[in-house]
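Open the model in a viewer and keep the sequence panel at hand. The stops below say what to select and what is found there.

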Amino acid sequence: MSAARRAHIATVIEVADRGLTAPAAAAHDAIIRASWQRCVHDHRLDPTRMQEAVILPQARLREHQDQMDDFLQIARHGLEQLYRQVAGLGYVVLLTDARGVTVDFLGDLQIEGRLRRAGLYLGADWSEAQAGTCGVGTCISTGQALTVHLDDHFDATHIPLTCTSAPVFGPGGRLEAVLDISQLSSAEPKSSQHLALQLVRDAAARIEDAAFLQRHRRDWILRLGDAPAFLDLRADYLLALDAAGRITGHNRRAQQLFAPPGTAATAASTLIGRPLQALLELSPAELPRHLAGQGGEAGAVRCTGRPDLLFLRVSAPPAAPLSRRPAETPRSAALPAPLAALSGGDPALDRLVERAARLVDSPVSLLITGETGSGKEFLAKALHRSSARRDGPFVAVNCAAIPETLIESELFGHLPGSFSGAGPKGKRGLIQEADGGTLFLDEIGDMPRALQARLLRVLAEREVLPIGATRPQPVRLRVIAATHCPLEALVREGRFRDDLYYRINGAHFALPPLRERRDLDVLIGRLLADDGAGTVLADEARAALRAHDWPGNLRELRNVVDYARSVCLGGVIRLADLPERLQGRWADRRSAPPAALPQPTTGAVEDDAARQLRERLTAARWNVSAVAREMGVARMTLYRRMRRFGIVSPLDAAELPAESPVTR
């Protein structure tokens, strides 16, 4: 152990023993000293321990992510904005849930190993009870934005780090998440993090406001501030009202303004359900006079029972006037027809389509991944046809099919004579052709790295600079990218820019391969109905199609059905009408003897249910989602059975450092 770590441990012990007045405590803020005492006296942590960061296995991380899926979609854009501001300074951006588990991450994947070992990675548990004093954990405990710099950390393992965190509160006033930026090391004093603290606070506030406006989009919204000029851009205080004029939600700054004095920072809302007049000298009937977009000045209003004067703008709900209570809305709107048509009842695809439907008009860029032929372009087209851009162009670009020497001019266009071989009339690029619609970048992993920076500018600035031009042209478009390649691996190899990866990965949709889908019969029926000839499928042919593993996915299925329909007689597709490769595999499968089950050995006997479950998982290459669909149970149910039987996926085990507990 180094001398610096020994000295740090001695300091923590002295503060824990002698309290906040210990001489060694003088160099640390009061919030840090109080956290050290909580770590020792409340969390029972040993100051002499040296514990590496705990990274949860993938299955447990997914549980944490699934519980806040909608919020993650909203927060992602704020994370990207913050990362662009700090990435060049060596920071990573983390978003944790209210329990301190990292559920989203933006960082340099070329140093992924170092980040993972330090805990600056997905799945890291930064709760104060687990990691001691740290940016995230202490922010959760206090509800305050703060910097935990170097030897502010409780655990000596973490003293190279500098971590700056801010709480993100939900519309009801409860802690929703923590936003954090961290560096692996810093040679500067703690005062160097003042700007970082302000950036994180601002980003957290933007995420809070975006979540508030999304959740209360059907309510009356009051934007309040100290200055009228900024109300339309960024209001200080946000309130939501129902049709009866009662508070249904607010942002954190509104709670701090209107809550009774002495209310704890982490306390739940005391404002929900209160009438508007309890906060402002304003009647609900007066709200229409302050509607935004009516061309008038922002109105002034006094806080009830106090002299504070605020300026006000109001946004009305899309439903009935305030005097009428709107009818109850269904929990989820009907899916747009183009998206609904993608699934024939497969549960995993149904969930994906429902999530996609909530993002059809979002500004977030989308990334679709999946095996070749799994329907990535079908999903992209369905998103376009379901959106407000449906009347605009849908321009599909296969980045792998355009020669590298031509891809720049094809995408960005060029002026007349701007390079050797350029036409005399110039050319609009595909990006400009997509103006007002959707640009679909298929196989984006094959885009030359030199062009990735130019594409990043298009996505960030919404403008394109043709070859030979000196002034960029504005474009309004939605970008959807797709690939069958593991982009994270390409980033680690330096073949794909990490900033572009994070920009296009605003929301990720992973399409299931056809062999894992449970709607094969429906898809076959749709393909047979295409020609209107009433072609039917014999039972043995259907069984052969069900048994096939479909390496070419939907594309292969369509080719097989089209071939069989063309060669069959009498409008009935029989086994002999299928391509020979399917006939051969079906014959081999039927004639193969049943595989012998492994015999249990003495001292290692598993009960029958555990053995069968292990065999199913092994046969599916440990694809838990596929086995859950096959068994007709929820994925979380299957995970619980695995834990009960002591079955650990080798995929999850391989992701864990040797010292990380998997059962915590």
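This is a predicted model: local features need pLDDT of at least 70, side-chain atom pairs count only at pLDDT 80 or more; totals for chains, interfaces and linings use all residues.

Is Tyr501 buried or exposed? Its relative accessibility is 7%, and because buried means under 20%, Tyr501 counts as buried.

Tyr502 has a relative accessible area of 4% and is buried. The rings of Tyr501 and Tyr502 form an aromatic pair, with 5.3 Å from centre to centre and 55° between the planes, and the pair is tilted.

How are the rings of Tyr83 and Tyr502 arranged? Their centres are 5.4 Å apart and their planes stand at 80°, so this pair is edge-to-face. Colour helix α4 (residues 69-86), which holds Tyr83, and helix α17 (residues 498-504), which holds Tyr502. The pair therefore ties together parts that lie 419 residues apart in sequence. With Tyr83, Tyr501 and Tyr502 shown together, one aromatic cluster is on screen. A search of the whole structure finds four aromatic pairs.

**The antiparallel sheet**

Next, show strands β1 to β5 as a cartoon. They form an open sheet with the order β2-β1-β5-β4-β3 and antiparallel pairing. Which strands stand at the edges? They are β2 (102-106) and β3 (146-149); each has a single partner strand, so one side of each is left without a neighbour in the sheet. From one strand to the next, the twist averages 20°.

Zoom in on β3 and on strand β4 (residues 162-169). The two run antiparallel and are joined by four bridges.

Bring in helix α8 (residues 194-215). It lies across β3, β4 and β5 (175-183), and runs at about 25° to β4.

**The parallel sheet**

Move on to strands β11, β12, β15, β18 and β19. These make an open sheet of five strands, ordered β12-β15-β18-β11-β19, with parallel pairing. The edges are taken by β12 (394-398) and β19 (507-510). Each of these has a single partner strand, so one side of each has no neighbour in the sheet. Neighbouring strands are turned by 20° against each other on average, direction ignored.

Select β11 (residues 366-369) and β18 (residues 478-483). How many bridges join them? There are four, and the strands run parallel. Ile368 stands opposite Ala482 in β18.

**Ala380 and its contacts**

Select Ala380, which is found in helix α12 (residues 376-386). Its relative accessible area is 0%, so Ala380 is buried. What is Ala380 in contact with, leaving aside its neighbours within four places in sequence? The contacts are Ile368, Phe394, Phe440 and Ile480. For a distance to check in the viewer, pick the C-alpha atoms of Ala380 and Leu339: they are separated by 9.5 Å, and the two residues are 41 apart along the chain.

**Two packed helices**

Show helix α13 (residues 404-412) and helix α15 (residues 449-461). They pack at an angle of about 10°, with their axes 11 Å apart. The two helices are therefore roughly parallel to each other. For the contact itself, display Ile407, Glu408 and Phe412 of α13 together with Leu451, Arg454, Leu455 and Val458 of α15. By class, this contact has five nonpolar, no polar and two charged residues.

**Zooming out**

Finish with the whole chain in view. Its secondary structure comes to 25 helices and 21 strands. Of its 664 residues, 48% are buried. Among contacts between residues at least 6 apart in sequence, 65% join residues at least 24 apart.

Technical notes: Residues are numbered from 1 along each chain as its sequence is written. Side-chain values use heavy atoms; hydrogens and water are left out. Two strands pair if DSSP finds at least two bridges between them. Axes are lines fitted to C-alpha atoms, for helices over the stretch in contact, and angles run from 0 to 180 degrees between N-to-C directions. Contact means heavy atoms within 4.5 Å. Angles under 35 degrees count as roughly parallel, over 145 as roughly antiparallel, 65 to 115 as roughly perpendicular and the rest as oblique. Ala, Val, Leu, Ile, Met, Phe, Trp, Tyr, Cys and Pro count as nonpolar, Asp, Glu, Lys and Arg as charged, and the others, Gly among them, as polar. Buried means under 20% relative accessible area, exposed over 50%, partly exposed in between (1.4 Å probe, protein chains only). Rings of Phe, Tyr and Trp (its six-membered ring) pair if their centres lie within 6.5 Å; planes under 30 degrees apart count as stacked, over 60 as edge-to-face and the rest as tilted.
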